[in-house]
Amino acid sequence: MLTYMLRRSSLIIPTIWAVVSIVFVVVHLVPGNPAQVLLGPFATAAREAAMNKAWGLDNPLYVQYFDYLRNIASGNLGVSLLSGRSAVSELAAVFPDSLWLGLSAIALATTIGIPLGVFAAMFQDSWIDHVALVASLLLISTPDFFLGIVLLLVFSGTLGWLPSIGAGTMGDPISVLSHLALPAIALSAGLLAYVTRMTRTSMIGVLREDFVRTAQSKGVSRRSIIWKHSLRNALIPVLSIVGVGAGQVLGGTVVIETVFARAGVGTLLVNAITGRDYVMVQACVILIATVFVLINLAVDLLYAMLDPRIEYV
Amino acid sequence: MSQKAWAKLGEAGYNAHPVGTGPYMLKSLVPNQEMVLVRNPNFWGPKPAIAQIDMKVIDNNQTAALAVKTGALDIAQIDPVTAAEYAHVKGVHIVVRPTLGRTDYLELNTLIPPLNNVLVRRAIRYAINYPQLIQDVFRGDAVAGYRGLVLKGEIGYDAAVNPQNVYNPAKARQLLKQSGVSLPINGLFFATYNDSADIQAGQLIQEDLAQVGINMKSTPLERGTLARYQVAVTTPANVFGLSLSPDPNLLFSLLLVGSAIPPNGLDTARYHGIDTLYQQQLNAATVAQRVKYLKLIQERLGNDVPAIDLYVQSDVWIVSNNVHHYTPSTEYNGDPFYLVTMSPS
């Protein structure tokens, strides 16, 4: 297991390198440059040239690329071209909010989706099953920004139960959780739907297995058969969905942060793209790619915990 | 501003750590997201009544308006369409302030055929339905722009030579016929901003022009790409939104005086028709002389049409009823910050 973990961990760096390289090329191909955007129409040629020189943007692209790789190898993600602050401090200011939001969405999706899928499988073709299927289809079909706006209008605007914007007061758990509720629900909806459907399908398959019939004939309780023996087997494909869905959730934070006016990595990334802040775009991409890779590594390790037959060598 | 701080921190550093003598100090800043100001205890003037001002950047007007309604914000600047939805909502009120110079211009490239034909440019000006634009996009909180591009209230404004633009599609068609250009005119576009009001306005302008035989496509672009189109020689037209001072020289030097425009300036028009008059009014010995040249400039711009002043917007604010007597400055453009909360002393 340890060897497997080390081998998988060693793949993180080449994966992130590939992502960063692709983004580096793409972001430099987009029309416009940060000096133009930042200085606006009042810029003189001399000022624009001076700014590009200060940022190293007058160097050939391959020189900029290798300079950048050398810097990130030493832990220096650079300085934001637009704000002048270090990329690390920019990310540090907003990453906790995004992390809370993303993890909350994943937690909601799994803690609601898995039991819902189990019940749907247990009561296959009953009204519970039909409601679960229709609800999940509706959630898959509904864009998360639309759901976010509806939740905002209903629970904040009309009922006044929950706050509308921001992340709350750090250190006050009630404030943080109340500000997290609506955005997390909106962000989790799509993943919850997929988790529900996959759990249902997987459980239906597992419940037909011979070992389940054997357990039943031995008098094992239904509760134990479902939640202890069958679910564990059914969760393998569900974990795959969660791993891939985590990427969707990370991408969805951009829209949800905009709707709920929350600071976050998503908003930072969008502002960096429109402002042609190459440094921040790459820093955000490194962070998002690292988080995504780590989540999937955790998912792979969970496979082995769930199924002892899986051995990593 | 502190010269010492500027020299020590440089421009980028100073922007993150400003040093000044105003009534408020910067407490914290998350660029493009949030800014917190606190009262400056060493302020030389009267003590400010408000101890702390939190400002948040909120891109979505609906979110901002809802935040004011729920009490998360005290004040927000929003678009007129959203304001109309909240006009009768309990707990909030709408404040509208006509601004001096928050204007959108459609700048036309005077070198590209058929826009190099002045009759075509005049036809475009007549073809745009200003009243409908103002009603549909701004719910009436704007006025039609001015032929001579100098705005009412600015120095030298002369209503006799610089009336407001009028919608006259019959006149537009007549001018196009006189121009000798074959219709329909195809292959043109104008770049514009990609926020909802500009997209909607662009769509309406595109439809108005199509009705007289000019197929000029509205092309909303994000900020970085728009910056490229603003300086490209081949761009037929651009929409620019500007908030200008009471002096029209800022408009001239930014858009219309070829010799004064910086390299990244908004020189879509490639126009030199008022270069000499501009210098003359700049060097005028008296105000009266300057006003005389400004009148000539307005006449020239009205005739040559290197740009069309589409509308002059009002600023619209949604304000919590807990805030009394909120009076934004007519010269203040609050975009992109919205006040979150104001803590009284």
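Colleague: What percentage of the 345 residues of chain B count as buried?

Modeller: This is a predicted model, and the values are computed from it. A residue counts as buried when its relative accessible area is under 20%. By that criterion, the buried part of the 345 residues of chain B is 52%.

Colleague: What radius of gyration does chain B have, and how does that agree with a compact globule?

Modeller: The C-alpha atoms of chain B fill a box of roughly 70 × 50 × 35 Å along the principal axes. For 345 residues, a compact globule would have a radius of gyration near 20 Å.

Colleague: How many helices and strands does the secondary structure of chain B come to?

Modeller: Among the contacts in chain B with a separation of 6 or more, 70% are between residues 24 or more positions apart. The elements of secondary structure in chain B are eleven helices and eleven strands.

Colleague: Why is helix α4 of chain B described as largely enclosed by the rest of the structure?

Modeller: The helix spans residues 118-127. Its buried residues include B:Leu119, B:Val120, B:Ile124 and B:Tyr126, and also the arginines B:Arg121 and B:Arg125. Helix α4 of chain B is largely enclosed because the buried residues number eight of the ten.

Colleague: Which residue places a side-chain oxygen by the backbone nitrogen of B:Leu119?

Modeller: The contact is at the start of α4(B), and B:Leu119 supplies the backbone nitrogen. The side-chain oxygen reaches to within 2.9 Å of that nitrogen, and belongs to B:Asn117.

Colleague: Which residue of chain B lies over the face of B:Tyr293?

Modeller: A charge sits over a ring only if it is within 6 Å of the ring centre and within 35 degrees of the ring normal. Here the distance from the ring centre of B:Tyr293 is 5.0 Å, and the residue is B:Lys292.

Colleague: Turning to chain A, how many helices and strands are there?

Modeller: Read along the sequence, chain A has the pattern α-α-α-α-α-α-α-α-α-α-α-α. Its C-alpha atoms fill a box of roughly 85 × 55 × 35 Å. The secondary structure of chain A therefore comes to twelve helices and zero strands.

Colleague: What share of the accessible surface of chain A belongs to carbon and sulfur atoms?

Modeller: Of the 313 residues of chain A, 47% count as buried. The accessible surface of chain A comes to about 15,200 Å². The share that belongs to carbon and sulfur atoms is 71%.

Colleague: Is A:Thr253 buried or exposed?

Modeller: A:Thr253 lies in helix α10 of chain A, residues 222-259. Beyond its neighbours within four places in sequence, A:Thr253 is in contact with A:Leu101, A:Leu187 and A:Gly266. Its relative accessible area is 6%, so A:Thr253 is buried.

Technical notes:
Residues numbered from 1 in each chain as written. Chains lettered and ligands numbered in written order. Predicted model: local features only at pLDDT ≥ 70, side-chain atom pairs only at ≥ 80, totals over all residues. Heavy atoms only, no water. Buried < 20%, exposed > 50% of the residue type's maximum accessible area, 1.4 Å probe, protein only. Helix = DSSP H or I, 4+ residues; strand = E, 2+ residues; numbered from the N terminus. Polar contact = N/O pair within 3.5 Å; in protein donor to acceptor, adjacent residues only side chain to side chain. Rg over C-alpha atoms; globule rule 2.2 N^0.38 Å. Contact = heavy atoms within 4.5 Å. Areas by Shrake-Rupley, 256 points an atom, 1.4 Å probe, with all protein chains shown as cover.
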